[in-house]
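Let's take a tour of a protein model and see what can be read from its atoms. Have the sequence and the 3D view ready as you go.

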Amino acid sequence: MNDTYDAIVIGAGHNGLVTAAYLAKAGRRVLVLERRELIGGATVTEEIHPGFKFDTGAHSITRLHPAVVADLRLAAHGLEVLPLDPTVFAPGPNGEHLLLWRKPADTATSIGELSPADAAGWPGFTALVAKASRLLETVAETTPPDVLSKKLKDNWVMLRLAGRLRRLGKRDMVEVLRILPMTVVELLDEWFETDLLKGTLGAAGITGMSQGPMAAGTAHLFLHQHIGTREGALRSALRARGGIGGLAAALAKAAQGHGATIRTNAWVERITVEDGRATGVALVSGEEIAGRLVVSGVDPKRTYCDLLDPMNLDVEFLRRVRNIRFKGVCARVNLALGELPDFACLPGAGPHLRGLISVSPSLDYLERAFDDAKYGDFSREPYLEAVIPSLTDDSLAPAGKHVMSILVQYAPYDLKGGVWDDAKREALGDRVVETLSRYAPNLEAAVLHRQVLTPLDLEAVFGLTEGNIYHGEMTLDQLFLMRPVPGWARYRAPLAGLYLCGAGTHPGGGVTGTPGYNAAREILRDARR
Amino acid sequence: MGAEKRYDAVIIGGGHNGLVTAAYLARAGKRVVVLEQRPRVGGSAVTEEIYPGFKFSSLSYVVSLLRPEIIRELELPRHGLELLPLESTLTPLPNGDHLVRWADHDLTRRELYRHSPKDAEAYDDFGKLMYHLAFAMKPILGIVPPDPTSLSPKDLRSLLKLSKHYRGLPAEQFYALCKLMTMSAADYLDEWFETEPLKATMSASGIIGTFLGVRSPGTAYVLLHHYMGEIDGVFRAWGFAKGGTGAVSEAIAAAARERGAEIRTETVVERVIVKSGRAVGVALDGGDEIYARVVVSGVDPKLSFLKLVDSKDLPSDFVDAIRRYKIRGSSGKVNLALSELPNLTCRPGVGPHLRGAISISPSIEYMERAYDDAKYGSFSRHPYMDIIIPSMIDPGMAPPGQHVMSIFCQYAPFELKGGWDDTQREAFGDAVVDTLTEFAPNLKRAILHRHVVTPWEMQEEYGLTQGNIFHGELSLHQLFFNRPAHPWADYRTPIKRYYQCGSGTHPGGGITGASGRLAALNILKDW
Amino acid sequence: MLRGTPFHARTGQLCQAQNWRRWAGYLAASSYELTPDREYYAIRSAAALIDVSPLYKYEVRGSDAERLLNHVLTRDVEKCAERQVMYGPWCDGAGKVIDDGTLQRLGDDSFRLTSAEPNLRWLSDNAAGLRVTIEDRSDSMAALALQGPTARDILRHVSDAKIDELKYFRLTFARIKGVPVTITRTGYTGDLGYEIWVDAEYAVGLWDALMTGGRPYGITPAGILALDMARIEAGLLLLGVDYVPANRALIESRKSSPFELGLGWTVRLEKGQFVGRSVLLEEWRRGPAWQLKGLVVEWESLERVYGAFGLPPQLPSVAWRTSTPVYSSKGQVGYATSGCWSPTLKKYVALAHLRSASAERGTRLEMEVTVEHQRKKAAARVVDLPFFDPARKRS
């Protein structure tokens with residue numbers, strides 16, 4: 001192939017597809033190259049055991065950018081979104097349980113059984129979360145301004161953000177500014193007393209973090225996770241019918257509908273450069289493809305350190321890239337189940353099994369889980385977040401049988417005194433099943449098939465550096481102006497013709513499509529110049 | 001003493017900040033009285049002869065960043081202040097090796113080179129960047145925090161000025177500052193260095209007085225403090241006051257007295273007298289009352305607002321904010337009278353290294369494990385320690401040939417599981433001595449007397465709520481316009497003519513005197 | 001304690017003046033005798049033996065070694081033949097000089113780079129992803145400069161090298177009294193001379209061999225003071241004195257590009273991408289704002305300035321390193337960074353940074369001189385560097 005594309009997008013993850021679709025929609029000739037045989041990146045549904053389909057990467061949609069859904073007509077392209085309700089079911093250590101529902105009043109009732117005081121605090125807390133996350137939503141949708149520029153435009157962006165902040169009102173503004181840098185423990189301690197409630201909420205502040213809930217920045221991540229969720233519906237998530245791969249499929253259809261080409265089994269080896277400008281890509285097969293622009297949906301470290309000859313980049317810049325912290329801490333366990341788990345604290349196949357099942361008895365439990373990882377071991381008692389999508393979608397498992405996907409934390413990428421070999425992998429799988437069986441004793445026997453993906457597997461399968469599901473930790477120092485690296489937070493790269501559009505860019509990870517959306521906007525903005 | 005003469009200002013607490021405020025007010029011609037509950041002034045900056053012939057700087061033991069303008073303006077050297085430099089920082093390692101950083105650049109470089117050639121180079125690059133950043137941070141430390149919610153021209157101007165200042169920085173510095181403000185000390189140092197004891201020892205400065213570990217975000221910016229002195233013309237400012245830390249307080253007190261301030265010790269303030277929303281004086285525990293035009297509290301915010309005044313006199317959201325204000329103590333102090341010098345396995349004998357600090361911080365993991373104990377309510381079995389031997393710098397601190405050793409140790413949580421009592425205190429003392437004996441085997445038998453101060457004693461004896469040495473944790477959400485609570489970060493309080501001047505106000509922390517000075521200047525502005 | 005160099009067992013005894021200074025964490029003799037005059041004249045009329053071990057030395061090896069060095073240095077390293085030596089600076093991404101030194105091509109895949117400051121971190125960071133090893137030989141390798149008109153005779157006498165065939169900026173491997181060495185025909189004096197590189201363990205033997213074999217040719221150990229005068233006459237820069245390395249400069253205006261340092265000839269813009277290229281290309285098009293030139297202070301003017309006080313001109317006995325303002329009739333146009341009375345040329349010379357408008361050869365300027373505690377100006381003329389360039393240097 002010798003004809004030049006307007007843009008080559010590396011990686012058919014959901015952000016790459018969003019960017020590709022928008023560029024194609026704007027009339028560009030777009031080519032998307034995917035290393036694997038199937039598209040989706042970490043938003044993928046695979047049949048790993050006959051008859052059982054699993055979301056092997058991400059298991060739920062955080063929240064899709066509304067503009068993406070509308071602009072790309074995802075519903076028309078087959079995306080059907082199912083809200084989980086209850087949002088969370090958290091079994092407690094002493095036979096109690098907690099249910100969070102989409103309706104705040106229902107949640108308050110459940111909390112009230114554990115602590116009337118906490119139930120009374122619920123509306124106030126959810127209102128604060130809503131205010132803070134609305135502010136963060138504005139931030140997420142804004143391309144980080146060039147703060148050091150003296151240009152009117154950048155000043156304007158900053159003033160607008162300051163204006164948004166002020167619009168919260170004096171009191172809330174100070175409150176939001178105060179809580180953003182806090183630890184999620186501090187935040188929750190100010191509101192609640194029940195360990196199970198605090199643990200279950202706090203878990204949203206540690207996802208993908210090589211930090212425990214006692215670390216600053218976890219309050220921010222907690223609030224960030226609630227961007228765009230319905231007020232009062234904390235830790236709510238969405239599912240796509242047919243598995244999360246349904247989202248990727250819809251995005252791909254939208255992109256192809258606008259004329260984009262998507263090639264799978266097309267492994268990009270490097271980005272070709274001439275005269276300080278990206279000119280296309282070279283595949284592992286030896287094929288070279290020319291493109292006026294190259295847009296990388298893979299993480300910044302892979303993009304800059306693996307796909308580019310370092311000679312094209314400044315040492316200081318490369319230092320910053322190498323300093324991005326990945327430190328993956330998540331593993332995934334996918335179970336094919338012969339029967340539903342039966343929880344001792346809430347027996348039977350009730351609606352509670354439809355939400356996220358969160359093993360998070362207390363903040364201390366989460367912190368201790370992290371302590372192990374800090375010294376290079378996986379948690380003796382890990383935090384678990386499980387879903388059983390086959391309950392709401394019978395296309396995923398044979399009748400009467402079920403699939404369960406579990407996000408496990410903490411399983412550090414760097415193991416002390418060892419590597420993630422088969423023995424370690426299965427030890428982790430056993431640990432997870434044991435832990436969950438403590439709450440649902442029938443689970444162990446119900447397992448028909450088990451797939452364990454360690455951080456090393458996540459790296460190998462999905463190309464996530466160090467297995468970090470967010471393309472770089474979502475700590476305060478790696479956000480906004482500093483994502484992916486300080487000074488290059490605006491989707492552009494220090495190499496003409498190269499852009500980034502993945503979760504490693506602002507506003508970061510999660511299944512949102514926002515980085516891809518923002519990147520497309522910036523690319524088209526430059527093209528108009 | 002009776003309800004007698006009227007004062008312009010009554011200052012609650014004769015700690016170093018209270019004394020600084022008193023001295024500045026007296027200098028402006030105000031009639032000032034300082035009320036100190038203990039028998040001597042100084043608060044936490046005090047030196048006491050707890051064991052005959054041995055002078056212990058019971059709590060605060062080094063003079064880190066005493067503002068040079070205070071030294072100049074109050075003419076402290078004339079009042080007896082002499083600061084002696086610390087020579088070095090030595091980190092002994094369990095494998096018998098060690099790492100020393102000397103005042104001399106070449107020596108330090110060679111020593112670092114021994115551990116890692118790359119680190120030896122990175123250390124210079126790091127130093128240069130920190131020097132720049134300290135310079136860039138300076139404007140923040142020297143101003144009254146503006147209220148970001150206010151639309152008053154004064155606050156807006158101040159905000160705009162700050163924003164202009166920071167956006168005028170070179171990109172490298174701007175982003176390094178952003179990182180320092182948000183990162184953990186250990187993570188930030190990981191970006192520069194590979195030598196464990198170097199990272200651990202440098203990162204230790206980020207956790208002193210906080211309830212955080214070296215891997216907790218928000219601990220990195222304290223790394224700057226070590227470079228702050230250099231830009232203020234007090235090169236090698238980390239030092240030791242001749243005669244002990246108490247000598248700093250004595251010098252400030254002498255400066256205040258010379259200008260006519262009155263200092264009363266063993267005078268306990270029961271409450272602040274508030275009449276129709278205005279502070280008019282204080283009531284003492286004996287029933288006496290002292291009236292003054294303004295009342296200034298040098299004690300911590302919890303005491304200032306939850307104990308000394310009736311919460312009825314304060315807006316409820318302010319009371320809530322002060323209740324939420326985090327003031328968890330996390331450190332203890334062990335003072336030893338020694339019959340002989342410790343003999344370090346890693347560097348035997350007497351040498352210049354004993355004139356500097358000794359830091360028990362062999363690795364990041366060591367530091368984190370110390371923190372882990374504290375997270376769940378125990379004191380560290382193997383604590384981080386910052387040790388100096390004052391008698392090596394100032395022979396007057398101990399009888400000839402004998403020595404005093406000052407050990408700052410972390411972590412010792414105020415909220416100890418089961419609570420602090422004599423047994424727990426001595427168990428903590430044992431943990432400290434045992435750990436140190438691993439590095440200096442002769443230590444245990446050289447001890448003539450041991451004085452252990454846990455956060456409980458700090459609260460009960462020295463009036464530091466929960467034993468927090470900084471009057472409130474120096475975490476991001478308790479700094480600048482949130483110190484101690486928005487919108488009362490300008491040394492004023494919701495009660496008219498009631499001011500605060502302690503470490504619980506901006507910029508807080510350490511023996512800097514900055515809070516006391518800024519408070520005094522603002523009080524005078526309101527006069 | 002500061003360390004002596006590997007030659008300290010000998011230099012320590014010879015240094016009658018006990019006049020030491022620090023050089024990169026080592027003790028280096030300022031002068032061996034009480035005044036450095038004889039040591040200076042040895043450089044220009046016989047042979048001086050100078051301990052230059054404190055230089056930083058890095059050995060870069062591997063299939064990407066050439067690529068790395070070509071990427072870091074401004075010189076075209078691909079053009080550097082085996083056993084050739086190249087001098088050149090290297091820059092940061094903004095095209096400002098970090099350091100300068102000589103690059104010896106020891107073999108196809110093997111180089112030795114010298115520098116004034118540590119550069120291991122810079123080299124390693126630039127080498128990420130490349131197949132190279134960088135070995136820091138700073139401590140394990142010693143070096144002597146043998147400089148002066150009889151240097152060749154000495155080496156012919158003591159070594160097995162075909163020394164007469166060794167051309168300017170070429171190197172050879174040889175043995176001196178059995179000690180394996182690298183001999184480069186380089187130096188920091190602008191005279192005929194060589195530098196001899198040796199493993200630290202053989203250092204003392206090498207010293208002894210040269211001193212013994214060199215005696216008939218007037219070999220004299222020389223210190224830094226003599227070297228400093230010679231290098232000024234030769235118009236050679238000293239890092240930290242004549243320029244501030246970009247990675248140490250506290251403010252932007254202290255940094256210099258190669259063009260501003262008179263090193264434009266080393267910048268091979270045509271060789272393709274290298275660190276700082278895009279900025280340097282721009283500067284090359286525009287022309288540098290500053291230039292490093294020679295200044296010769298006019299004797300008559302000096303006589304006038306001093307004469308006004310009833311004094312003859314008072315000349316510096318050793319080189320000075322204090323930044324000194326340089327003026328045109330319109331005001332300050334630059335500053336001199338080092339200078340000395342050239343005993344050979346009988347001229348008062350200085351190296352000066354001048355704004356390009358005042359840097360033309362022959363431009364008449366004035367340099368500040370302090371006479372009897374008062375600041376005066378003496379007339380000076382801009383000249384091209386070097387001040388002194390004997391034919392024997394290259395022949």
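Predicted model: local features only at pLDDT ≥ 70, side-chain atom pairs only at ≥ 80, totals over all residues.

**Where chains A and B meet**

Start with the contact between the two chains: 39 residues of chain A are in contact with 40 residues of chain B. Put together, chain A and chain B bury about 3,600 Å², and carbon and sulfur atoms account for 55% of that. On the chain A side, the residues that lose the most area to chain B are Leu148(A), Arg166(A) and Tyr375(A), which together make up 17% of what that side buries.

Here are some counts for this meeting place:

| Between chain A and chain B | Count |
|---|---|
| Salt bridges | 11 salt bridges |
| Polar contacts (both residues at pLDDT 80 or more) | 16 residue pairs |

Which parts of chain A give two or more residues to the side that touches chain B? They are helix H5 (152-167), helix H6 (170-179) and helix H13 (363-374) of chain A. H6(A) gives the most, with seven residues. Sorted by class, that side of chain A has 16 nonpolar, five polar and 18 charged residues.

**A helix tucked away in chain C**

Now hop over to chain C and find helix H7, residues 224-233. Is this helix buried or exposed? 10 of its 10 residues are buried, so H7(C) is largely enclosed by the rest of the structure. Charged residues are on the buried list too: Asp228(C), Arg231(C) and Glu233(C) are there, along with others including Leu225(C), Met229(C) and Ile232(C). Just after H7(C) comes Gly235(C), with a positive phi of about 70 degrees.

**A buried loop residue**

Our last stop is Ala359(C), which sits in the loop between strand S17 (347-355) and strand S18 (364-371) of chain C. Why does Ala359(C) count as buried? Because its relative accessible area is 3%, and the cut-off for buried is under 20%.

Which residues does Ala359(C) touch, leaving out those up to four places away in sequence? They are Gln291(C), Lys293(C), Leu354(C) and Val382(C). As for Pro312(C), it lies 47 residues from Ala359(C) in sequence, and the two are 29 Å apart in space, C-alpha to C-alpha.

How values were computed: Residues numbered from 1 in each chain as written. Chains lettered and ligands numbered in written order. Heavy atoms only, no water. Helix = DSSP H or I, 4+ residues; strand = E, 2+ residues; numbered from the N terminus. Buried < 20%, exposed > 50% of the residue type's maximum accessible area, 1.4 Å probe, protein only. Contact = heavy atoms within 4.5 Å. Buried area = accessible area lost by both parts, 1.4 Å probe. Salt bridge = Lys/Arg side-chain N within 4 Å of Asp/Glu carboxyl O. Polar contact = N/O pair within 3.5 Å; in protein donor to acceptor, adjacent residues only side chain to side chain.
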